[in-house]
Amino acid sequence: MLQEYSREAFVSYAWGGASEQLVDLLEQALKEEGINIVRDKRNLPYKGIIKEFMERLGRSQCIVVVISDKYLKSKNCMFELMEISRNGQLHDRIFPIILPDARIYNASDIIEYIKYWEGKKTQRLCTESA
C-alpha cells in the first residue's frame with residue numbers, strides 16, 4: 001500500500017518585505033488546492049518553542065524555501081536551513097523560490113555572504129571573550 005502523504009507544506013522564509021508577501025500569496029493559492037501551509041507566524045502556538053518548530057520544519061517531507069538577501073543573513077533562517085540539510089533528501093523535499101535580491105549566482109557575491117557570517121562569528125567570539 002502506498003504511503004498517504006499529508007497535504008501540508010512547511011515554509012521557511014524571512015519575515016517582512018517581498019518574502020512575506022510572496023508567502024501570503026502562496027498560502028492563499030495552495031489553500032484553494034487543499035494544501036495547508038505551515039508557517040511559524042500562524043502555527044507556532046503561544047509560548048511555543050521556536051527551536052522545536054524549526055526542527056520539525058527540518059524533518060518535513062515538503063518545504064518551500066523562499067531565499068532572499070534577508071534570509072541569507074538571518075540566524076534563524078540559517079538554523080532552519082541547517083535542520084533541513086541535516087535531515088537529507090534535499091532534492092525530494094525542498095522547493096526553492098529565489099528572490100531577485102538573493103545574490104547567489106555569482107561567486108564574488110557568495111563570498112560576500114561568507115564574509116558576512118565570518119564577521120558575525122568574529123563578533124560573537126569577541127563578545128564572549130570580553
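**Reading the fold and its contacts**

Tutor: From the N terminus on, the protein chain runs β-α-β-α-α-β-α-α-α-β-α, where helices (H or I, at least four residues) and strands (E, at least two) are DSSP runs numbered from the N terminus. This is a predicted model, in which local features need pLDDT of at least 70 and side-chain atom pairs count only at pLDDT 80 or more, while totals for chains, interfaces and linings use all residues. Residues are numbered from 1 along each chain as its sequence is written, and side-chain values use heavy atoms, with hydrogens and water left out.

Student: How many helices and strands does the protein chain have?
Tutor: The protein chain has seven helices and four strands.

Student: What share of the residues counts as buried?
Tutor: Buried means under 20% relative accessible area, exposed means over 50%, and partly exposed lies in between (1.4 Å probe, protein chains only). On that scale, 31% of the 130 residues of the protein chain count as buried. As for the surface, the accessible area comes from the Shrake-Rupley method with a 1.4 Å probe, and for residues only the protein chains shown count as cover; the protein chain exposes about 9,000 Å², of which carbon and sulfur atoms supply 57%.

Student: Where does S12 lie, and which residues are in contact with S12?
Tutor: S12 lies in strand β1, residues 8–12, and S12 is buried, with a relative accessible area of 0%. Leaving aside neighbours within four places in sequence, S12 is in contact with L57, V64, V65, V66, Y71 and E80. For one of these partners there is also a polar contact, which is a pair of N or O atoms within 3.5 Å; within protein, one must be able to donate a hydrogen and the other to accept it, and residues adjacent in sequence count only if both atoms are side-chain atoms. The side chains of S12 and E80 are joined by such a contact at 2.5 Å.

Student: Is S19 buried or exposed?
Tutor: S19, whose place is in helix α1 (residues 17–32), is buried, with a relative accessible area of 4%. Beyond its neighbours within four places in sequence, S19 is in contact with Y13, A14, V66, S68 and L99.

Student: Where does S60 lie?
Tutor: S60 lies in the loop between α3 (50–59) and β3 (63–67), and S60 is buried at 9% relative accessible area. Leaving aside neighbours within four places in sequence, S60 is in contact with F10 and R93. S60 and I94 are 34 residues apart in sequence, and their C-alpha atoms are 9.4 Å apart in space.

Student: How should I read the span of helix α5?
Tutor: The expected span of a helix is 1.5 Å times one less than its number of residues. Helix α5 (residues 75–86) has twelve residues and reaches 16 Å from its first C-alpha to its last, close to the 16 Å expected. Its buried residues are C77, M78, E80, E83 and I84, and just after α5, G88 takes a positive phi of about 70°.

Student: How many salt bridges are there, and where do they form?
Tutor: Side chains of opposite charge can pair when their charged atoms come close. A salt bridge is a side-chain nitrogen of Lys or Arg within 4 Å of a carboxyl oxygen of Asp or Glu, and by this rule the count comes to seven. The side chains of R86 and E83 meet at 2.7 Å, N to O; these residues are three apart in helix α5, and so are separated by about one helical turn. R86 counts as exposed at 59% relative accessibility, whereas E83 counts as buried at 8%.

Student: Which other residues take part in salt bridges?
Tutor: K73 and D69 meet in a salt bridge at 3.5 Å, N to O, with K73 partly exposed at 30% relative accessible area and D69 buried at 16%. E112 and K115 meet at 3.8 Å, N to O, and both lie in helix α7 (residues 107–129), three residues apart, about one turn of the helix. E20, D24, E27 and R39 are linked in a network of salt bridges.

Definitions and conventions
Contact = heavy atoms within 4.5 Å.
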